[in-house]
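Take a look at the chains below.

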Protein chains: 2
Amino acid sequence: MVEEGSVGAGEDLGPEELEAALHQVAAWAASYRRTVASLPVLARVQPGAVRDALPHEPPPHGDSVERWLEDLDRIILPGITHWHHPGFLAYFGITGSGPGILAETITAALNVNGMLWKTCPALTELEQVMVGWYARALGLPGDWFGMITDTASTSTLVALTAAREAAGVDVREEGLSGIRPLVLYCSEEAHSSVEKAAVVLGLGRRYVRRIPTDERFRMKADALDHALREDRHEGRLPFAVVATVGTTSATAVDPVPAIVEVCRRHGVWLHVDAAYAGSAAVAEEFRWALDGCQEADSLVANPHKWLFTPIDCSVLFTARPEAFRRAFSLVPEYLRTDVTGVVDLMDYSFQLGRRFRALKLWFVFRHFGLEGLKEAVRRHVRLARTFASRVDEHPAFERLAPVPFSVVCFRVRPPGVNDETALERFNLALLERVNARGEAYLSHTKLKGKVCLRVAVGNLATRERHLERTFELLCEEAGLQ
Amino acid sequence: MVEEGSVGAGEDLGPEELEAALHQVAAWAASYRRTVASLPVLARVQPGAVRDALPHEPPPHGDSVERWLEDLDRIILPGITHWHHPGFLAYFGITGSGPGILAETITAALNVNGMLWKTCPALTELEQVMVGWYARALGLPGDWFGMITDTASTSTLVALTAAREAAGVDVREEGLSGIRPLVLYCSEEAHSSVEKAAVVLGLGRRYVRRIPTDERFRMKADALDHALREDRHEGRLPFAVVATVGTTSATAVDPVPAIVEVCRRHGVWLHVDAAYAGSAAVAEEFRWALDGCQEADSLVANPHKWLFTPIDCSVLFTARPEAFRRAFSLVPEYLRTDVTGVVDLMDYSFQLGRRFRALKLWFVFRHFGLEGLKEAVRRHVRLARTFASRVDEHPAFERLAPVPFSVVCFRVRPPGVNDETALERFNLALLERVNARGEAYLSHTKLKGKVCLRVAVGNLATRERHLERTFELLCEEAGLQ
C-alpha cells in the first residue's frame, strides 16, 4: 500500500506543492497582464512552428512546474494571438477578467460534475440563480428557466432541438425520415452556427431560409411572413425562426416585436441569438435591443462575449423548459437518484458532463456589480462611437453600417480606387498590413456585397489611445494623411 | 478619457490585485485539498438551500475577493458533492490534479479562442500535438487526426454527424426528410449519450438498435450482423455502429475486432466510445482493451475521466477527418482568413468557440510522465481488484460482473432476502444508508435486470484504507459481520 503524502510516480502535487506552484502561476499571470500590451497582438509564428518545437512523443517521466512555465513562455507565448491585448479589435472583442480567472482556478480545484442535482447541488442551484441574475440584469423575465452551455453554437443547437420537438412531429422517437421537410428561418445576416445546427439536426441546408434584410441589415418581417406562407402552402412544415440581436457583421438588431407576431401567426418557435448584444442590455439605454424578446421561446446570450467572463460561458434561456425535457430527458438506471423535485440539468441538453461555470459568472457579478457592468459596456460603446466619428470625418473613409453597440464597419476609399473589385482588394490588403504592425488586430466581413473592415471593442483594457492609434495605423498603411 | 490603471466602476482587477487575489485562492485550494477527506463526500443540503442563501437580484456594486471566498465557504461548500474526496466511488470516479488546476488558471488568464488557426496558432498546434501524444500513449495510430471537445456526449454527436455524412445521402444539403430511415447500432449496455445523439441527429430512437450482450455484457457481433442484414433487407440504411470499450455499468469491452469485420462487410462507420477505459491503455497490460480500434473510423477517450485532467476534456480521434470537414465546414466571410494550409478546428465541429483545453493535457503529461500515468492507472485497478476479492470472499456479497479495470459491480444478499424484488429494495436502501454516512459515495446500476452497487476507483487520493472502510460501512449498514 502506498502511503498518503508520499510523492512518487503517479502521485499528484501535494497541497504545499500545489500552493507554491499556484503562487508561481499568480506571478506569471500578473506579469502577462503587465506586458500583454507590448506584445504583437497577432501571432507572428509560421504554421507548424509551435508543433515543431514540441517533442513528438509524450515524456516518459515528469518534470517540474518551473520547466513548464519556461516552455510556456518559450514555445507557446509566441504562438498566441492575444485576445487579451487592448488592441484586439477583431471578431467580437472579448475579455476575461480577474474574477473570472480566480473562479476558474477554484472550478478546477473542486472539479465537480453537475450532471445531476445530487452530484453537486451547489452547482445546479448557483447556475439557476446566476441565470436569474443575468435575466434580471438584462430586463428579461426573471423566472425564465436557463442553463449555462459552452458556446452559442451549442445553445442554438439545443434550443432548435427543443423547437423541433415542440413542432408536434415526434422526431425524438420516429425521426425525420418519411415526414415532410421541416423549415428553419433566419436572416441572411444570421450567424453560421444556425446553419450548422440545421446540418446536425438533419434538416438540410436547403430548408434553411435566409430572409433578406433591410438597408440596416435587419430581417424583413414581411419577407419572413411571406416565406412561411409559401412553405406552408407547398406542404412543408415551418418550425422555428432565429432572430438575431446583434448580428456578427454589423451588430444589427432584427425587429423582434414584428417577428414575434409572425411567429405567433404561424405557430412556430422563436429563438433569439443575442450572443453578443444581449449583454448590452445591462445598461438601460441599450435595453431597446431586447424589445419583444420577452415573448421569445428561447434566447441565447454569452457572458463570455461581453460580460467579462472567461470563455466558455453561454446562457440559454427558455420560457418553455418542458419542451427541452421532452426532447432530451432520458434517464438510464445508472443515472437515477432517490431525489425528486429538483432540476437535473442533464435532462435539458445532450451534454451529460457539466463544469462548474456558474462560479465565474458569480465572481464577475460580485466584482463589478451591476453598475460596474453598465459602466464597462458604456465605455466600450463610447469608444466605438468616437472611432466612428473619425471614420465619418475623414473623406477617404466610408462607414458601412450604423453603430448601435461597440462595432464599427467601414472601408477606406483612397483617391483613384473606385470600382468594387479594386476596393475589395485594397481593403483586404490594407487589413493585412495593419494587422502585421502588431499594435491592433482587426477583422473583416461583407455587407451587401461590399468588403468592410471591422473594429470591435470588447476588452476591458482598451482605451481611447488604442483606437486613436488604430486609426493612425489605417491612415499610414493606406497612404493617407 | 479614463486613464489606464485607475480603478473604478467597470474596471478589472489590476495586475497587483490579481496576483494578491490569486495568492488567496492558492491558499484556499491548498486548504481544500488538505480538508476534503474530512468533509461529507455527498452534499447534505436540502433542495433549495443554496438557492435560498443567495440574493434574488445581482448586487448593484462590487465587493472584495475576501467576501466572495467567505461566501464560497459558507454557502457553496456545504452544497458540494466532493468528486475530489478519496471516498468518491460513484459513477466513474474522476480526478483533477494540480497540473490541471495550474493550466486552467493560465487558460483563463490568456482567454484565447482557437476557432481558427490564426486566432491562436499555439492553441491549434498544441491541441494537435497533445492529441498525438495521447494517441501514442494509448497505442493508437499517432497520425490520427483529433480534436478536444467538452464531453464524450459532444464527441459522439460530432462523430455520428460525420458518419451520417459519409453514408452517401447528402444529409447536409438535403436533410433526412424523404429518404429511407438511417439506422444506428450499439449494445444494450451503451451509454445514453448515443441515444441522445440519435435524437439530436433526427434519426429517431426507434432506429437505434440496442444489440444484446453476452454473459459478460459485451455486444454480440453475430447479433449485430443479423440486425444489419435485417435492416438492409427491409430497405433501411444502416450507417454507423458504436462499440463501447468500458461500458458505463460494468466496464465491459465490446469485441471490437469482430465488430470491425461486421462494419466492413456492411460498409458502415465504426465509432468507439472508450471515454472511460481508453485511458487504461497507457499501461501495456490494458492495451488489449483497444484491440481492433486502430481500424475504427472514430474513437472518443476522455482525459477528464481517467487521465487526471480537470473536467472538461474529451478527445475525439478520427481516421477520416475529411468526412468531418464535409459535414461541418462552412466558412462565412467574417471567418475567412488569408492563411492557407493550416487546420482551422471550427471546420470539424458544430462548435465555433474553442477554449485552450490542450494546455491542461500538456501540464498533466509534463507532471506525471507516461510512467506516472501508468502507475496511477495500475494503482486504481489494484485497489478495485482488492475490493473485488473482499466481495468474493464474503458469503453475503455477490459480485455481478468481471473487473477488467477499476469498477466493481456487486450486491449484498443478506440471509433471508431472496427474491429479486426484495434484493433490489434492500440494496437500494443499503446504498442510501451507506452514502448518508458521508465517508463514501457509491452509485448503482442494473445488469441483466439485477440492481447492483458500484464501486468505481478513479481519484488520485484514494487508498486501500478508503476501500477497506467502504467495505466496513457496507457490512455495518447491511447488518453483517
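A residue counts as buried if 20 or more other C-beta atoms lie within 10 Å of its own, as exposed if 12 or fewer do, and as partly exposed in between, with C-beta atoms placed from the backbone. This is a predicted model: local features need pLDDT of at least 70, side-chain atom pairs count only at pLDDT 80 or more, and totals for chains, interfaces and linings use all residues. Residues are numbered from 1 along each chain as its sequence is written, while chains are lettered from A and ligands numbered from 1 in the order in which they are written.

Start with chain A. An automatic or database domain assignment sets the bounds. Domain 1 of chain A covers 15–42 + 81–95 + 369–481, domain 2 covers 48–79 and domain 3 covers 113–355. The C-alpha centres of domains 1 and 3 of chain A lie 29 Å apart. Their contact (C-beta atoms, placed from the backbone, within 7 Å) takes 19 residues from domain 1 of chain A and 20 residues from domain 3 of chain A. On the domain 1 side, helix 13 of chain A gives the largest share, six residues.

Now go to chain B. Strands are DSSP runs of E, at least two residues long, numbered from the N terminus; helices are runs of H or I, at least four. In strand 9 (residues 407–412) of chain B, six of six residues are buried. B:Val407, B:Cys409 and B:Arg411 point one way, B:Val408, B:Phe410 and B:Val412 the other.

Strands pair if DSSP finds at least two bridges between them. Strand 9 of chain B runs antiparallel to strand 8 (residues 397–399) of chain B, with three bridges. There, B:Phe410 is the bridge partner of B:Arg399. Four bridges join strand 9 of chain B to strand 11 (residues 450–456) of chain B, also antiparallel. B:Cys409 stands opposite B:Arg454 in strand 11 of chain B.

Notes. Two residues are in contact if their C-beta atoms, placed from the backbone, lie within 7 Å.
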